[in-house]
Amino acid sequence: QVQLVESGGGLVQAGGSLRLSCAASGSIFTVNTMGWYRQAPGKQRELVASITSGGSSNYADSVKGRFTISRDSAKNTVYLQMNSLKPEDTAVYYCYAGASSGSYAYTPWGQGTQVTVSS
């Protein structure tokens, strides 16, 4: 199994920055696409950003130009640099990964990390 361990959430004022990290472990699996979802109270979970093993990235319109996703494939770690944070970015952020081993594939999730942006 693949385990995802997140870190880096917290409380920040509007306009500030945070950097989230998510490390994947589980040596028998290949980690392909990694990314971040978020869920605010009373709202559906939404995709924030994703990045393929080849480095192609995708962003939600609401974070384009403010958030940057990157990964260190050697460490199976994905990062989310969040700048110019807004109160509406307040949510629990969840890391996910596309993991495969032979013909078996599944999507593990991290435990979530709280990001709170005060106005």
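The structure is a predicted model. In the hairpin formed by strand 4 and strand 5, six residues lie between the strands, and Gly-42 adopts a positive phi near 80°.

**Strand 4 and strand 5**
- Strand 5 covers residues 46-51 and pairs with strand 4 in the antiparallel sense, over five bridges.
- Within strand 5, Leu-47 is the residue opposite Tyr-37.

**Strand 4 and strand 9**
- Strand 4 (residues 30-39) is also joined to strand 9 (residues 91-101) by eight bridges, again in the antiparallel sense.
- Gly-35 faces Tyr-96 of strand 9, and Gln-39 has Val-92 of strand 9 as its bridge partner.

**Burial of strand 9**
- Of the 11 residues in strand 9, eight are buried, so this strand is largely enclosed by the rest of the structure.
- Buried here denotes a relative accessible area under 20%.

**Strand 9 and strand 10**
- Strand 10 (residues 104-106) forms three bridges with strand 9, and the two strands run in the antiparallel sense.
- Ala-105 in strand 10 stands opposite Ser-100.
- The hairpin of strand 9 and strand 10 has two residues between the strands, and Gly-102 takes a positive phi near 65° there.

**Strand 9 and strand 11**
- Strand 9 pairs with strand 11 (residues 113-118) over three bridges, in the antiparallel sense.
- The bridge partner of Ala-91 in strand 11 is Val-115.

Conventions. Residues numbered from 1 in each chain as written. Predicted model: local features only at pLDDT ≥ 70, side-chain atom pairs only at ≥ 80, totals over all residues. Heavy atoms only, no water. Pairing = 2+ DSSP bridges. Helix = DSSP H or I, 4+ residues; strand = E, 2+ residues; numbered from the N terminus. Buried < 20%, exposed > 50% of the residue type's maximum accessible area, 1.4 Å probe, protein only.
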